[in-house]
Amino acid sequence: MSDCLFCRMVAGEIPADVVHETDRTLAFRDINPQAPTHVLVIPKDHHATAGLLVGADPQLLVDVVAAAHAVAVQEGLATEDGSEPGYRIVTNTGPQAGQTVHHLHLHVLGGRPMRWPPG
Ligand code: AMP
Ligand code: ZN
(Lines give C-alpha, C1' and ligand atoms only; values in the text may rest on other atoms or scores of the structure.)
(Ligands and ions follow the chains in the order given, each with its own letter.)
Protein backbone atom coordinates (compact mmCIF):
# COMPACT_ATOMS: atom_id res chain seq x y z
CA MET A 1 0.00 0.00 0.00
CA SER A 2 1.66 3.17 -1.20
CA ASP A 3 0.08 5.35 1.52
CA CYS A 4 1.14 3.08 4.40
CA LEU A 5 4.18 4.28 6.40
CA PHE A 6 5.43 0.78 7.20
CA CYS A 7 4.94 -0.49 3.63
CA ARG A 8 7.05 2.47 2.51
CA MET A 9 9.73 1.49 5.04
CA VAL A 10 9.69 -2.09 3.68
CA ALA A 11 10.08 -0.63 0.17
CA GLY A 12 13.07 1.46 1.31
CA GLU A 13 11.28 4.75 0.54
CA ILE A 14 11.49 5.90 4.19
CA PRO A 15 14.59 5.18 6.29
CA ALA A 16 14.41 2.60 9.06
CA ASP A 17 16.94 1.65 11.75
CA VAL A 18 16.70 -2.06 10.91
CA VAL A 19 17.87 -4.52 13.58
CA HIS A 20 16.51 -7.81 12.17
CA GLU A 21 15.18 -9.00 8.84
CA THR A 22 13.88 -12.24 7.32
CA ASP A 23 12.37 -12.88 3.93
CA ARG A 24 8.90 -12.07 5.33
CA THR A 25 9.51 -9.81 8.35
CA LEU A 26 11.30 -6.58 9.21
CA ALA A 27 12.28 -5.20 12.64
CA PHE A 28 13.41 -1.62 13.27
CA ARG A 29 13.83 0.72 16.23
CA ASP A 30 10.81 2.82 17.21
CA ILE A 31 11.39 6.50 16.45
CA ASN A 32 9.92 7.44 19.87
CA PRO A 33 11.25 4.75 22.22
CA GLN A 34 9.34 4.02 25.43
CA ALA A 35 12.03 1.74 26.90
CA PRO A 36 15.80 1.19 26.43
CA THR A 37 14.87 -1.43 23.83
CA HIS A 38 11.82 -0.53 21.73
CA VAL A 39 11.71 -2.34 18.40
CA LEU A 40 8.79 -2.73 16.01
CA VAL A 41 8.42 -6.07 14.21
CA ILE A 42 6.23 -6.17 11.11
CA PRO A 43 5.26 -8.53 8.32
CA LYS A 44 6.55 -7.21 5.01
CA ASP A 45 3.09 -7.82 3.53
CA HIS A 46 0.41 -5.34 4.53
CA HIS A 47 -2.10 -6.58 7.12
CA ALA A 48 -3.82 -4.04 9.34
CA THR A 49 -4.15 -6.09 12.54
CA ALA A 50 -3.17 -9.42 14.09
CA GLY A 51 -6.78 -10.56 13.85
CA LEU A 52 -6.86 -9.95 10.11
CA LEU A 53 -3.44 -11.53 9.61
CA VAL A 54 -4.28 -14.73 11.49
CA GLY A 55 -7.24 -15.28 9.16
CA ALA A 56 -5.28 -14.48 6.00
CA ASP A 57 -1.86 -16.02 6.62
CA PRO A 58 -1.44 -17.67 10.04
CA GLN A 59 2.12 -18.82 9.33
CA LEU A 60 3.13 -15.20 8.80
CA LEU A 61 1.86 -14.30 12.28
CA VAL A 62 4.03 -17.13 13.64
CA ASP A 63 6.97 -15.72 11.68
CA VAL A 64 6.39 -12.24 13.17
CA VAL A 65 6.28 -13.62 16.73
CA ALA A 66 9.42 -15.69 16.08
CA ALA A 67 11.16 -12.58 14.76
CA ALA A 68 10.11 -10.65 17.89
CA HIS A 69 11.71 -13.31 20.08
CA ALA A 70 14.84 -13.29 17.93
CA VAL A 71 15.07 -9.53 18.42
CA ALA A 72 14.71 -9.97 22.19
CA VAL A 73 17.55 -12.52 22.21
CA GLN A 74 19.67 -10.24 20.02
CA GLU A 75 19.01 -7.31 22.40
CA GLY A 76 20.02 -9.36 25.44
CA LEU A 77 16.50 -9.48 26.88
CA ALA A 78 16.02 -13.26 26.64
CA THR A 79 17.92 -16.44 26.09
CA GLU A 80 16.96 -18.94 23.40
CA ASP A 81 14.79 -20.77 25.96
CA GLY A 82 12.91 -17.56 26.83
CA SER A 83 14.27 -16.95 30.33
CA GLU A 84 15.39 -13.74 32.11
CA PRO A 85 15.58 -10.77 32.03
CA GLY A 86 12.48 -10.75 29.86
CA TYR A 87 10.59 -8.43 27.59
CA ARG A 88 7.07 -7.40 26.61
CA ILE A 89 5.31 -7.79 23.26
CA VAL A 90 2.43 -5.35 22.66
CA THR A 91 0.21 -4.89 19.64
CA ASN A 92 -2.26 -2.03 19.79
CA THR A 93 -5.41 -2.81 17.83
CA GLY A 94 -7.98 -0.18 16.99
CA PRO A 95 -8.66 3.32 18.29
CA GLN A 96 -9.29 2.50 21.95
CA ALA A 97 -5.91 0.76 22.12
CA GLY A 98 -4.21 3.72 20.44
CA GLN A 99 -3.21 2.09 17.15
CA THR A 100 -1.80 4.87 14.97
CA VAL A 101 -0.17 2.89 12.15
CA HIS A 102 -2.59 0.49 10.49
CA HIS A 103 -0.02 -2.09 9.47
CA LEU A 104 0.33 -4.81 12.11
CA HIS A 105 3.38 -4.30 14.30
CA LEU A 106 4.57 -5.94 17.47
CA HIS A 107 6.24 -3.57 19.92
CA VAL A 108 9.15 -5.39 21.60
CA LEU A 109 9.91 -3.52 24.83
CA GLY A 110 12.56 -4.22 27.42
CA GLY A 111 15.62 -3.10 29.30
CA ARG A 112 13.69 -1.78 32.29
CA PRO A 113 11.05 -3.19 34.66
CA MET A 114 7.65 -3.20 32.95
CA ARG A 115 4.67 -1.85 34.86
CA TRP A 116 1.44 -3.82 35.02
CA PRO A 117 -1.29 -3.11 34.13
CA PRO A 118 -0.26 -0.89 31.21
CA GLY A 119 -2.08 2.41 30.84
P1 AMP B 1 0.97 2.27 17.44
O2 AMP B 1 0.63 3.58 18.11
O3 AMP B 1 0.84 1.05 18.30
O4 AMP B 1 0.24 2.14 16.11
O5 AMP B 1 2.52 2.33 17.14
C6 AMP B 1 3.08 3.05 16.09
C7 AMP B 1 4.52 3.27 16.46
O8 AMP B 1 5.23 3.66 15.28
C9 AMP B 1 4.75 4.37 17.48
O10 AMP B 1 5.38 3.82 18.63
C11 AMP B 1 5.64 5.37 16.75
O12 AMP B 1 6.62 5.96 17.60
C13 AMP B 1 6.27 4.51 15.67
N14 AMP B 1 6.73 5.22 14.49
C15 AMP B 1 6.05 6.16 13.78
N16 AMP B 1 6.79 6.56 12.73
C17 AMP B 1 7.96 5.85 12.77
C18 AMP B 1 9.14 5.83 11.97
N19 AMP B 1 9.27 6.60 10.89
N20 AMP B 1 10.14 4.99 12.34
C21 AMP B 1 10.02 4.20 13.43
N22 AMP B 1 8.93 4.18 14.21
C23 AMP B 1 7.92 5.00 13.90
ZN1 ZN C 1 1.44 -1.41 5.17
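Which residue has a backbone N or O atom 3.2 Å from a nitrogen atom of ligand 1? That residue is I31. Before going on, a word on the model: it is predicted, so local features need pLDDT of at least 70 and side-chain atom pairs count only at pLDDT 80 or more, while totals for chains, interfaces and linings use all residues. Residues are numbered from 1 along each chain as its sequence is written, chains are lettered from A and ligands numbered from 1 in the order in which they are written, and side-chain values use heavy atoms, with hydrogens and water left out.

Back to the ligand. Two further polar contacts (pairs of N or O atoms within 3.5 Å) involve oxygen atoms of ligand 1. N92 brings a polar side-chain atom to 2.8 Å from an oxygen atom of ligand 1, and V101 has a polar backbone atom 3.0 Å from an oxygen atom of the ligand. On its own, ligand 1 has 510 Å² of accessible area, and the protein covers 83% of that (Shrake-Rupley method, 1.4 Å probe).

Now look at the shell. There are 16 residues around ligand 1 (a heavy atom within 4 Å), and D30, N92, T100, H105 and H107 come nearest. By class, the shell has seven nonpolar, seven polar and two charged residues; Gly counts as polar here, and charged means Asp, Glu, Lys and Arg. α1 (5-10) and β2 (25-29) each supply at least two shell residues, with α1 giving the largest share, three residues. Helices and strands are DSSP runs numbered from the N terminus (H or I, at least four residues, for helices; E, at least two, for strands).

Where does all this sit? Ligand 1 is in the largest pocket, since "sits in" asks that more than half of its atoms lie within 2 Å of the grid points. A pocket is an open set of points on a 1 Å grid over the protein atoms alone, where a 1.4 Å probe fits, with protein on both sides within 12 Å along at least five of seven lines; lining residues have an atom within 4 Å of a point. This one has a volume of about 860 Å³, counted as the space filled by probe spheres set on the points. Its lining has 33 residues, with D30, Q34, H38, N92 and H107 closest to the centre. α1 gives the most to that lining, three residues, and β3 (37-43), β4 (88-90) and β5 (106-110) are among the elements that supply at least two each.

One last stop: a cis peptide bond joins W116 and P117, with omega about 0 degrees. P117 is in the segment after β5.

Key. A polar contact is a pair of N or O atoms within 3.5 Å; within protein, one must be able to donate a hydrogen and the other to accept it, and residues adjacent in sequence count only if both atoms are side-chain atoms.
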